[in-house]
Amino acid sequence: MAVYAATGYARATGVPSVVLVTSGPGVLNALTALAAAYHDEAPVVLLVGEVATVSAGKGVLQDGGESGLRIHQMVAPISKYADTLDIPARIESMIDAAFECAMEHPRGPVVLQLPVDICAATAGGASFRLRTPPQILGGNLPPNESLCAEIADALVSARRPLILVGGPGGRSGAAAELRALAEATACPVATDLEGKGVFPESHPLSMGIWGVGSRGRVAEYLAGGIDFLLTVGARLDDTTTLNFNPLLIPSGTFAQIDYDPRRLGRAFAPSIMLAADIPLTLSRIHEHVYVDRLTLARRESAVQPLNRVVPAPEVTSPGAFDPRIIIRNLQSAFRHDTVYVSDIGNHLLFAGSGLELELPDQFHVSMGLGGMGSGIGMGIGLAAAYQGTRNVVVVCGDGGMLMCGTELATAVRYGFPVTVVVMNDACLGMVQHGSERVYGRSADWRTPPVDFVAFARSLGLAATRLTDTAQFAEFAHGNRLRPQLIEVPIDLAVRPVNPRDETLNFPSEVA
């Protein structure tokens, strides 16, 4: 959970976070969140305590070396770099290298093992200043001008273009350049769930989300066919493409730009691929663009008739709320710049489709690995970074709270003002709904009855159980500077649209 919190802190501050754990169970407990940080490109430096060098290989407790748990081999696939301090004199260069590597695009976690006897030794003063990351991959390289011009020409000449922005690209600081390019060309923009808010969702050119958490007009627009697609820092995996949906393949130019060349051509076959600094690349494309008024008018007329999101009619059940209504009321109660974090479960789909966000740093979710509990830890880290200057609201389920809710004691101890909204359907809803969809039946995934209000109060949080949606406003204004929890009974019968189910439609016979 500490690594999830560090991920949130790093996202809010833009600098690496440092986590210190013991060897043995300490680092083993951190592996899931470490893998999430790797896939979510979070610059986290994990410092792992290690047994004394004189004891290595003797069967001592929690030996993580090559004669013990082999921690280095465990973290190799889920970290950018791993090293072990062998002599005190290496500490300065090793720390500098770790910070540099963590901040290179694509960013990610670094693991350093620190034997206890070497840590007790004396070394010269270490420098923790960040140096300019070396240009190992494409992330910091200037773009190829001829390819930028080629993309611009294809965008200008297209009749039905689309820009699709991914979360990794959205977090690269390219929101302003993206908006300028879209407005200059009247090109519609869609995002994946991670990129929610990178392009303002109230903007006339916003098509909303494609993939898991789908909302908005993008499905309707894609159904009419496209002849140009520009993807910007997008994973283009099964969850963000609706299982590699062929609607994304344009009849004309398919251009993919990213700072990570390893994503280029991985899932589709673009006609133009470019690995470079994303904000600079979008600016260079914009410089080559000229769109006449007739083309602008034609594109705007193609977008205007598309349907806006229409709120679904409310479902009323005794003692339970419609989760779609809850999300809309939640957002209306909190400030416009509130930061939202979602854990993994049905509530993620309700949050993704129900929130309408305007800022590029307003929505956070650990989609790279999709681990329950990630949202709780990330929310604590974000709240630690913002220190009350912005509201941080975590939306989670009862299952996630049962797994990781005790971590809220950390928020209380250090005064991190995070608001946790527990959408309680007394069930692992996504698991049950998915089982029924795929197999036509399901085991009993109900969770045990828990009084989350009493639980939260026992940890020191302000807490209430929602009986009227007006209580959101009371909590938003009355307890903004302290940790708080709102338990919301929701109706299990209200099912979100989960495009992920489409990836689980197995053939009846498996060869």
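Predicted model: local features only at pLDDT ≥ 70, side-chain atom pairs only at ≥ 80, totals over all residues.
**Figure 1. Phe244 and Phe268 form an edge-to-face pair****.** The count of aromatic pairs comes to three. In the pair of Phe244 and Phe268, the ring centres are 6.3 Å apart and the planes stand at 65°, so the geometry is edge-to-face. Phe244 is partly exposed at 37% relative accessible area, whereas Phe268 is buried at 11%. Ring pairs also bring in Phe254, giving a cluster of Phe244, Phe254 and Phe268.

**Figure 2. Arg160 places its charge over Tyr221****.** The charged end of Arg160 sits over the ring of Tyr221. The distance to the ring centre is 4.3 Å.

**Figure 3. Leu230 is a buried residue of strand β9****.** Leu230 has 0% relative accessibility and counts as buried. Leaving aside neighbours within four places in sequence, its contacts are Ile151, Leu162, Ile163, Leu164, Leu181, Ala255, Ile257 and Leu282. Ile163 is 67 residues from Leu230 in sequence. In space, their C-alpha atoms are 4.7 Å apart.

**Figure 4. Helix α15 is mostly covered****.** The helix runs over residues 374–386. At 1.5 Å a residue, its 13 residues should span 18 Å; the end C-alpha atoms are 18 Å apart, which agrees. Of the 13 residues, 12 are buried. Among them are Ser374, Ile376, Met378, Ile380, Leu382 and Tyr386. The buried set also includes the glycines Gly375, Gly377, Gly379 and Gly381. Ala383 and Ala384 are buried too. Just after α15, Gln387 takes a positive phi of about 50°.

**Figure 5. Ala186 and Leu236 have positive phi without being glycine****.** Phi of Ala186 is about 55°. Ala186 lies in the loop between α9 (175–185) and β6 (189–191). With 1% relative accessibility, Ala186 counts as buried. Phi of Leu236 is near 55°. Leu236 is placed in the loop between β9 and β10. Leu236 is buried, at 5% relative accessible area.

**Figure 6. A cis peptide bond joins His105 to Pro106****.** Omega of this bond is near -5°. Pro106 is in the loop between α5 (91–103) and β4 (110–115).

**Figure 7. The whole chain gives the setting for the close-ups.** The chain holds 20 helices and 17 strands. Its radius of gyration is 24 Å, close to the 24 Å that the globule rule gives for 511 residues, so the chain is as compact as a globular protein of that length. The C-alpha trace spans about 75 × 60 × 55 Å along its principal axes. Of the 511 residues, 54% count as buried. Among contacts with a separation of 6 or more, 74% involve residues 24 or more positions apart. The accessible surface comes to about 21,000 Å². Carbon and sulfur atoms account for 56% of that surface.

How values were computed
Residues numbered from 1 in each chain as written. Heavy atoms only, no water. Helix = DSSP H or I, 4+ residues; strand = E, 2+ residues; numbered from the N terminus. Expected span 1.5 Å × (residues − 1). Buried < 20%, exposed > 50% of the residue type's maximum accessible area, 1.4 Å probe, protein only. Phe/Tyr/Trp six-rings, centres within 6.5 Å; stacked < 30°, edge-to-face > 60°. Lys NZ or Arg CZ within 6 Å of the ring centre and 35° of its normal. Rg over C-alpha atoms; globule rule 2.2 N^0.38 Å. Contact = heavy atoms within 4.5 Å. Areas by Shrake-Rupley, 256 points an atom, 1.4 Å probe, with all protein chains shown as cover.
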